[in-house]
Amino acid sequence: MRVDRKWVERNLGYDPITKPPPDTTFAFAQAAKKTATTEDLRREIIDFDSESPAGLQFMAFSTATGLSRYTDVPWPKGLAPKTGRAPGRGSNSPLPRADVLVVTWTVDEGHALSRVLTPGKDSRNDYLSYTRNFSAISKKMRKGCPAIEAKRLGAYWTTTIGKQAVVIFKSDSHMSQDGPQLPNIDVWRQIIQEVLPKLVITTGTAGGIGKEFEVGDVIVSPIVRFDCIAKFKKEPFATAHYTSSPPNATHFAAARSLFKANAAQLPKDNLRPPKVVRVALNALRSSVVTTDFFGFDTSNNHFELQGLGDVSEMGDAVLGLVVSGMGERAPRWLAIRNVSDPQIKADGLTLKQQAAIAAQIYKGFGRWSSVCSAITCWASIAAE
């Protein structure tokens, strides 16, 4: 799929260039201004909350739908997620131990993941804040980043899938936002050492690389790679890649079937049901690509992402970096990313206009494509 302004008009009900959304639909005020940079648009993606006043304004302006339309998934017998009780500990306490740790990143990714895996508990309204060692770690963070503004490192709840105990963690720490000292490394190391999981999953939205991907497709990858050409270009990990163990695909066919419950909320221009793509260990060119800039695939390959991987996002390779230094204590891990915005058709559009289109598509469909990756997380956990 290759999208342009006409695609946005057909699927979200407005032309993003001649009739852009009003300022009241933006979570990050600077992103609404004519002087907005691509970094401002990156922050808008992180902060946008479809259940906030700005999110409701966006849905009133567009034809986008909110998670109030979510249809409960008909889980296989004995494998439905069972939301845990209140963790029974303070925000400064360590995370509970579990078999699996699942981490997601943006506000709307959190809404979708919690709706699927902790039914009845929402990541924004119900999850327990996590502030352990915040005073020390936050000293490495720049002013104005999401964690500093939230006064915490994240929020979490627990669930059970089959026999697997799971911690679901919505992070407020981000590689792209925290600053040059990259304290997200400290956060990853700390939460893994506390949960002591056998499997860690990082999940959420990403930009599709190549025109074969549609909104809602899910990439399951045991390979992550850095593509740092900006703020971290001089770091030793700038072009490094990391591998883990291949995923167990036992329940992936079931996951694809379970997508159907909410597939009607995905773009009407989708030509087929969402697919699950399993990346092989030797398929470096199909990996998840972590950029240190707001990169997205374009028809003219402006950011030179084509050939690097299947999707691009802003942090998963940090997990690979951290685990690579843990030796025998290292858990297995997976990056499970859904395509929230496909390749952008560059013809006749400035780069800033292309970036705006990518951000608008995320705001329209990021939560619904994240439902697909959340179900795929379920499939990976159920196979343990």
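Reader: Which residues does valine 102 touch, not counting residues up to four places away in sequence?

Author: This is a predicted model, in which local features need pLDDT of at least 70 and side-chain atom pairs count only at pLDDT 80 or more, while totals for chains, interfaces and linings use all residues. Residues are numbered from 1 along each chain as its sequence is written, and side-chain values use heavy atoms, with hydrogens and water left out. Contact here means heavy atoms within 4.5 Å. On that criterion, valine 102 touches Leu113, Val166, Val167, Ile168, Phe169, Ile201, Thr203, Cys377 and Ile381.

Reader: Which members of the largest nonpolar core touch the most other members?

Author: A nonpolar core is a set of buried Ala, Val, Leu, Ile, Met, Phe, Trp, Tyr and Cys residues joined through side-chain atoms within 4.5 Å. Buried means under 20% relative accessible area, exposed over 50%, and partly exposed in between, with a 1.4 Å probe and protein chains only. The largest such core has 71 residues, and those touching the most other members are Val102, Ile375 and Trp378.

Reader: Which helix supplies the largest share of this core?

Author: Helices (H or I, at least four residues) and strands (E, at least two) are DSSP runs, numbered from the N terminus. The largest share of the core amounts to 17 residues, and its source is helix 10 (residues 351–382).

Reader: Are helix 2 and helix 10 roughly parallel or roughly antiparallel to each other?

Author: Axes are lines fitted to C-alpha atoms, for helices over the stretch in contact, and angles run from 0 to 180 degrees between N-to-C directions. Angles under 35 degrees count as roughly parallel, over 145 as roughly antiparallel, 65 to 115 as roughly perpendicular and the rest as oblique. Helix 2 (residues 38–47) packs with helix 10 at an angle of about 0°, the axes being 10 Å apart. The two helices, helix 2 and helix 10, are therefore roughly parallel.

Reader: Which residues of helix 2 and helix 10 make the contact?

Author: By class, this contact has six nonpolar, one polar and three charged residues; Ala, Val, Leu, Ile, Met, Phe, Trp, Tyr, Cys and Pro count as nonpolar, Asp, Glu, Lys and Arg as charged, and the others, Gly among them, as polar. Helix 10 contributes Lys352, Ala355, Ala356, Ala359, Tyr362 and Lys363, and helix 2 contributes Thr38, Leu41, Glu44 and Ile45.

Reader: With which side chain does the side chain of threonine 118 make a polar contact?

Author: Threonine 118 lies in the loop between helix 4 (107–117) and strand 4 (128–130), and counts as buried because its relative accessibility is 0%. A polar contact is a pair of N or O atoms within 3.5 Å; within protein, one must be able to donate a hydrogen and the other to accept it, and residues adjacent in sequence count only if both atoms are side-chain atoms. At 2.6 Å, the partner of threonine 118 is the side chain of tyrosine 127.

Reader: Is phenylalanine 237 buried or exposed?

Author: Phenylalanine 237 occupies the loop between strand 9 (223–227) and strand 10 (241–243). Leaving out residues up to four places away in sequence, phenylalanine 237 touches Leu182, Phe226, Cys228, Phe232, Tyr242 and Leu321. Because its relative accessible area is 8%, phenylalanine 237 is buried.

Reader: What is the relative accessible area of lysine 198?

Author: Lysine 198 sits in the loop between helix 7 (184–195) and strand 7 (199–208). Its contacts beyond four places in sequence are Asp99, Gln164, Pro331, Arg332 and Glu384. Lysine 198 is partly exposed, because its relative accessible area is 36%.
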